[in-house]
Amino acid sequence: MTILVLAFLLCTLVFSIFAYQKILALDKTARASWASLDIALRARQESAVAIAALIASKYPAQQDFYDRAAVIKTDCHTELLLEDRIKREEFLTLLCSDMLNFAKDKSDILENPVFEEHKLMLERAEEKINFKAVPYNDAVRDYNTLIKSVLTIVVAKMFDFKEKAYFHFKK
């Protein structure tokens with residue numbers, strides 16, 4: 001009987017170690033995918049700030065574009081919870097839409113080479129964001145599934161692994 005109890009405890013310990021390592025590996029994959037996605041998000045922020053600065057320099061009444069873009073960029077460069085960061089990126093998406101709508105009938109902005117360059121950089125960054133969001137969301141799905149599974153939930157709770165947020169990007 002003692003041997004059976006010891007065997008059970010040993011199997012439980014081995015499984016717990018395996019589960020912990022697997023959760024840790026998926027957590028690392030999700031973090032690495034986020035880091036890659038973050039690079040594209042920061043490039044988009046830089047382009048948005050540049051476009052906002054150009055609009056504000058030509059139309060001082062539109063200084064609000066620059067102010068909002070600068071605040072979002074500053075907020076995103078601080079340590080935010082992922083959910084908060086995603087909300088800031090959604091605000092930036094709306095701001096970019098507002099700025100491009102404002103600029104669409106302003107020939108002095110549309111013909112400006114700086115505007116053209118940053119608009120192109122913004123479009124490329126958004127393409128990269130869409131591309132890089134896929135592996136991030138895949139990693140989050142795998143991680144969230146594992147920490148909620150019946151066999152690993154105890155290990156996940158013991159080591160305080162929490163569910164991660166998905167990243168949904170809309171142009």
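A contact means heavy atoms within 4.5 Å. By that criterion, residues 24 or more positions apart account for 74% of the contacts in the chain with a separation of 6 or more. The model is predicted: local features need pLDDT of at least 70, side-chain atom pairs count only at pLDDT 80 or more, and totals for chains, interfaces and linings use all residues. Residues are numbered from 1 along each chain as its sequence is written, and side-chain values use heavy atoms, with hydrogens and water left out.

The chain holds six helices and zero strands. Its order from the N terminus is α-α-α-α-α-α. Helices (H or I, at least four residues) and strands (E, at least two) are DSSP runs, numbered from the N terminus.

Along the principal axes, the C-alpha atoms fill a box of roughly 85 × 25 × 20 Å.

Of the 171 residues, 37% are buried. Buried means under 20% relative accessible area, exposed over 50%, and partly exposed in between (1.4 Å probe, protein chains only). The accessible surface comes to about 10,500 Å², by the Shrake-Rupley method with a 1.4 Å probe. Carbon and sulfur atoms contribute 64% of that surface.

Asp160 is not a glycine, yet has a positive phi of about 60°. Asp160 lies in the segment after α6 (153-158). Asp160 counts as exposed, at 51% relative accessibility.
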